[in-house]
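Hello,

Here is the structure you are taking over. My notes on what was found follow below it.

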Amino acid sequence: RVLEVGCGSAVDSLGLEENVRGEMWAADLNAEAIRLAERIRSQFPYSHLRLVRMDIHRMGLSGGSFDLIFSQGVLEHFRDPVALLKEQRRLLREGGYIVVSVPQRFHPYALYKRFHLWRGRWPYGWESDFSPGRLSECAAKAGLRVCEMAGDGFAGEFEHSHRWWLRGVMEVYGFLVRGLVIFHPTWASYLAQDVVMVCEWN
């Protein structure tokens, strides 16, 4: 069984579902997000994705229910990420994995975001970001052991910017970072837009 936490439109779960033999669940507290996910799911005639509306702090599901739990762009919206990870650990079967993807603190996009948060012009509400070290600390406090840490994405949201010069700068940044990562793969988690953590029971 696989669970996506904070699924939003659930497009990640729908994309993953074809590679999952067992049950696929996706949870979100926002009713509009679930309705959107239901509309998108209707375009996948063979989908058996189970969409549930619930508080991801207290999901009300039996402990040890899932083999894989994942979230993308969720933890950074909560002031106590450890509480969320503890609830996910409760739902995880022994031998299973939790995969978390969050914004990486040292990427230029994070600096851009913090500047707009400071100005009160960030459209997505309060948001944090994580260094690999901080994310590891959160996992440890939740009773989890980190198996792997990696980076994902280099140009980030800037690649869609209407400012041509900004797109160009980030293309160069991405090129340089990819070169560095070839020689030092662990650097990716400090240079990419997102840091991805895989962890299990400690």
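Leaving out neighbours within four places in sequence, L3 is in contact (heavy atoms within 4.5 Å) with W25, A26, A27, M59, F66, L68, I69, F70 and L91. This is a predicted model, in which local features need pLDDT of at least 70 and side-chain atom pairs count only at pLDDT 80 or more, while totals for chains, interfaces and linings use all residues. Residues are numbered from 1 along each chain as its sequence is written, and side-chain values use heavy atoms, with hydrogens and water left out.

L3 also belongs to the largest nonpolar core, which has 30 residues; L3, M59, I69 and L75 touch the most other members. A nonpolar core is a set of buried Ala, Val, Leu, Ile, Met, Phe, Trp, Tyr and Cys residues joined through side-chain atoms within 4.5 Å. Buried means under 20% relative accessible area, exposed over 50%, and partly exposed in between (1.4 Å probe, protein chains only). A second, separate core of 13 residues includes V2, V20, I34 and A37.

There are eleven salt bridges (a side-chain nitrogen of Lys or Arg within 4 Å of a carboxyl oxygen of Asp or Glu). One of them joins E32 and R35 at 3.1 Å, N to O. E32 is partly exposed at 41% relative accessibility, and R35 is partly exposed at 43%.

Another salt bridge pairs D129 with K113 at 3.8 Å, N to O. Both D129 and K113 are buried. Through shared partners, salt bridges link R105, K113, R114, E127 and D129 into one network.

Regards
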